[in-house]
Protein chains: 2
Amino acid sequence: MRILIAGANGKIGRHLVRLLGESDHVCRAMVRDPSQEWELRRRGADEVVVADLEGDCRAALITCDAVVFTAGSGPHTGPEKTVDVDQNGAINLIDLAREMGVPRFLIVSSMRADDPDSGPEKMRHYFVAKQNADNHLRASGLNYTIVRPGKLTEEAGTGRVRMAERINEFGEIPREDVAAVIRAALDHPGTSKREFDLISGDTPVDEAVAALD
Amino acid sequence: MRILIAGANGKIGRHLVRLLGESDHVCRAMVRDPSQEWELRRRGADEVVVADLEGDCRAALITCDAVVFTAGSGPHTGPEKTVDVDQNGAINLIDLAREMGVPRFLIVSSMRADDPDSGPEKMRHYFVAKQNADNHLRASGLNYTIVRPGKLTEEAGTGRVRMAERINEFGEIPREDVAAVIRAALDHPGTSKREFDLISGDTPVDEAVAALD
């Protein structure tokens, strides 16, 4: 499969570029800034395409079999930028994927995105933006997977996770493990039209993902 | 070598993409329009980079060993566009190649560019634009090659040419043969700091180019 990664230069994106670069898939990294091309090729990207998530990125989608949306405005921008990127950027790409006939769409959402009021007040705008993107994806007709990780950490991945449609206790997970789950989900059709919370746990990634088949 | 082709989607450029795609070189095609990516990959481009010749195309030049400039505004635009692309586009790319440490630069110029007054009046602005670009390249310090083909035709290449620093009789040459000469020149260091007129002839391309060594 040719897999477009939106947000390839982000913290999860970089792990995913490496994992897909080592796989038999064609790893197509989408970035906004042309100067990021070589860093991404070094990490394993087979193709690099420069496109603006908030603009016309149809050329980035041509011949792709799947999209992974892992772009985010990051913690250092205001709520407006979160709406622009995490919500409207995702919605734009979902609509274009449908238009271009790309059948599969995986999105990195967030725990609490399915219930924003259950999270802390200062994070609410973030959960709402994620929720709006997830709702749009669910209604798109695409073969979606919505991955809702807990608090993301920079620790090395353990390869072991806990996945369920709803996990009540908020938890953490290394970004490297989130990337590994996405990597596995791409190869498991059972993750299509599914969504799940994701935190660190005891089950090996492949086993946890295969359990959805 | 990683070779950037500016004007990769032009008529000579497409032949050259195919020839370099079949070679051991990395063929890096530069285009303005992202929708041209897949056509160029189909023709053999290893990498496609979207950049505007008249703008900041430094990211396109990173890690390149050579540039081939075969962009042109084409016969259906006015003299201003010829100055913008054939002259100023080339000058811009020559300056950026020097800045980025790309040592080798081949340019597709035109017979009569070394003596614009010797050509027909209605073509004079074109020869002057080419001459200005060639002069800039000659003075750049880069390892330049200036290829000055005669009237370009769409016929199939014959693989046989006539090359000399100055050919007095104006002649024709298929674009496919021009591409073959550029392809050969990239592998012959003897073409560095050289310039020549080029028309159809009796000498096999490789022999004609090797004679410059």
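The mean pLDDT of chain A is 94, and 100% of its residues reach 70 or more; pLDDT is the predictor's confidence in each residue, from 0 to 100. This is a predicted model, in which local features need pLDDT of at least 70, side-chain atom pairs count only at pLDDT 80 or more, and totals for chains, interfaces and linings use all residues. Residues are numbered from 1 along each chain as its sequence is written, and chains are lettered from A in the order in which they are written. The model scores ipTM 0.70 and pTM 0.83.

**The two copies**

**Helices α1 and α6 in chain A**

- Helix α1 (residues 11-21) of chain A packs against helix α6 (residues 175-186) of chain A at an angle of about 50 degrees, with the axes 8 Å apart. Helices are DSSP runs (H or I, at least four residues), numbered from the N terminus. Axes are lines fitted to C-alpha atoms over the stretch in contact, and angles run from 0 to 180 degrees between N-to-C directions.
- α1(A) and α6(A) are therefore oblique to each other (under 35 degrees counts as roughly parallel, over 145 as roughly antiparallel, 65 to 115 as roughly perpendicular and the rest as oblique).
- α1(A) passes α6(A) in a right-handed crossing (the near helix is turned clockwise from the far one by less than a right angle).
- Residues of α1(A) including Ile12(A), Leu16(A) and Leu19(A) meet residues of α6(A) including Val178(A), Ile182(A) and Leu186(A).
- This contact has nine nonpolar, one polar and five charged residues (Ala, Val, Leu, Ile, Met, Phe, Trp, Tyr, Cys and Pro count as nonpolar, Asp, Glu, Lys and Arg as charged, and the others, Gly among them, as polar).

**Helices α4 and α5 in chain B**

- The axes of helix α4 (residues 79-99) of chain B and helix α5 (residues 124-138) of chain B come within 9 Å and cross at roughly 10 degrees.
- That angle makes α4(B) roughly parallel to α5(B).
- Among the contact residues are Ala90(B), Ile91(B) and Ile94(B) of α4(B), and Tyr126(B), Ala129(B) and Ala133(B) of α5(B).
- By class, the contact of α4(B) with α5(B) has nine nonpolar, five polar and three charged residues.

How values were computed
Heavy atoms only, no water. Helix = DSSP H or I, 4+ residues; strand = E, 2+ residues; numbered from the N terminus. Contact = heavy atoms within 4.5 Å.
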